[in-house]
Amino acid sequence: MFSQSLQTIRNEGRYREFLDISRYSDKIPLAKSNKSGKDITLWCINDYLGMSRNHYVVDSMIESIRKFGCGAGGTRNIGGNSHAIIELEQTMANLHNKDASLVFTSGYVANATTLTTLAKILPNLVFFSDASNHASIIDGIKNSGAEKKIFRHNDATHLEQLLSETPKEKAKIIVFESAYSMDGLRSPIKEITSLAKKYNALTYIDEVHTVGLYGLGGAGMSEEAKVAQDIDIIQGTFAKAYGIIGGYIAARSEIIDAIRSYASGFIFTTSLPPAIAAAAKTSVEYLQTHDEERVIHQKQVAYTKLLLKQNKIKILENDTHIIPVLINDAIKASQASKMLLDGFNIYLQHINYPTVPKGTERLRITPTPYHTNEMIEYFVTSLKMVLSNLEVAEQAA
């Protein structure tokens, strides 16, 4: 099937036939049964491409389980190292065109552990952190005890002001995300890397919401922007577009060796089982050579946004796959989630403080390649009814 020309598929409009959704119709993580036995359609999962049900990935995990069992057996430094993890780390280094990579048990651990450890290695370190960075970044910087300066969200001008006020002799690391999960906005990656060069700072980018989805072979937005070579540390996850679990960093070999040697969150925890590592490797390599899922994913995201706009549903405009529907009221956001579930069998979790600032409460939509046009149409119609009932303000003309 995958030997067919993707361009032919595009031209003929046979996206869903090519993806063969029937193979996964009873398996994909879009539906589950509630107490009444009804199917619930999920609209807020981070398994962006449905790779947790990709049959190559599933077969890889099953084969590895039968061969190596379910567990890891210990920490990496004692009995938990495996050939599968070594291969996965080489795959991630190759994906990002870096010397090496290091795998952690989750993306959260990868961020928190790496950032804390960097402060141990670099004396007088100053972190420059985007105001909207993820909790794992905040925790890592906080636990490091290092000096930190917070620049306004996606504001390269403010970042430069802070950099210019910092003594040249101090070590500096700019920490930011390629795309932010609650608003779907891209960061000014090129501007930040330029400032890093100008002020002799290292760069640390969190690409958890973009690896697998953007850039050549799914290498992320830094690759798409053609500045990945200027990023010192790229952090990512296997738990979103790749559909598995675990996190990683990719960087120069000296950086990876230092983190491996001093990071408590790496040294003193049981490693990922071989089956998890093997499945992650399969998922990454599949998306390096196939873009069918990405093509359909972007098509369904665009169709969802179009219908939402046509129905005057207020969304936060962006050019990514994350669609925030702005409710701007905590109680109404919670009520909307409950009404969608109870009345329409749609699961869409509301996002309130402290995940987002008070007064910016929202519903966060993440369409996948497996949300059909019919599903999207039913969803938007249902959402429109719920928001109208709650008297949520419509998008201004």
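Student: What are the axes, and what range do the angles have?
Tutor: An axis is a line fitted to C-alpha atoms, for helices over the stretch in contact; angles between N-to-C directions run from 0 to 180 degrees. The helices (H or I, at least four residues) and strands (E, at least two) are DSSP runs, numbered from the N terminus.

Student: What kind of model is this, and how are residues numbered?
Tutor: This is a predicted model, where local features need pLDDT of at least 70, side-chain atom pairs count only at pLDDT 80 or more, and totals for chains, interfaces and linings use all residues. Residues are numbered from 1 along each chain as its sequence is written, and side-chain values use heavy atoms, with hydrogens and water left out.

Student: Which residues in α13 and α15 meet?
Tutor: Contact means heavy atoms within 4.5 Å. Lys299, Gln300, Tyr303, Thr304, Leu307 and Leu308 in α13 meet Asn373, Ile376, Glu377, Val380 and Leu383 in α15. By class, this contact of α13 with α15 has six nonpolar, three polar and two charged residues. Ala, Val, Leu, Ile, Met, Phe, Trp, Tyr, Cys and Pro count as nonpolar, Asp, Glu, Lys and Arg as charged, and the others, Gly among them, as polar.

Student: Which hand does the crossing of α13 and α15 have?
Tutor: The crossing is right-handed. A crossing is left-handed if the near helix is turned anticlockwise from the far one by less than a right angle, and right-handed if clockwise.

Student: What makes α3 roughly antiparallel to α12?
Tutor: The axes of α3 (residues 55-68) and α12 (residues 274-289) come within 8 Å and cross at roughly 155 degrees. The cut-off is over 145, so α3 is roughly antiparallel to α12. Their crossing is right-handed. Among the α3 residues that meet α12 are Tyr56, Met61 and Phe68. In this contact of α3 with α12 there are eleven nonpolar, four polar and no charged residues.

Student: How do you know which direction class α4 and α12 belong to?
Tutor: Helix α4 (residues 83-95) and α12 pack at about 25 degrees, with axes 8 Å apart. That angle is under 35, so α4 and α12 are roughly parallel. The crossing of α4 with α12 is left-handed. The contact of α4 with α12 includes Glu87 in α4, and Lys281 and Glu285 in α12. By class, the contact of α4 with α12 holds ten nonpolar, two polar and three charged residues.

Student: What makes the pair of tryptophan 43 and phenylalanine 379 stacked?
Tutor: Rings of Phe, Tyr and Trp (its six-membered ring) pair if their centres lie within 6.5 Å; planes under 30 degrees apart count as stacked, over 60 as edge-to-face and the rest as tilted. Here the centres are 4.3 Å apart and the planes are at 15 degrees, so the rings are stacked. Tryptophan 43 is in the loop between β2 (39-42) and α3, and phenylalanine 379 is in α15 (residues 373-389), 336 residues apart.

Student: Why does tryptophan 43 count as buried?
Tutor: Buried means under 20% relative accessible area, exposed over 50%, and partly exposed in between (1.4 Å probe, protein chains only). Tryptophan 43 has 1%, so it is buried. Phenylalanine 379, at 0%, counts as buried. Proline 367 is also at 0%, and therefore buried. Proline 367 touches Trp43, among others.

Student: What makes lysine 226 exposed?
Tutor: Its relative accessibility is 56%, and the cut-off is over 50%, so lysine 226 is exposed. Glutamate 391, at 66%, counts as exposed.

How values were computed
Angles under 35 degrees count as roughly parallel, over 145 as roughly antiparallel, 65 to 115 as roughly perpendicular and the rest as oblique. Lists of a residue's contacts leave out its neighbours within four places in sequence.
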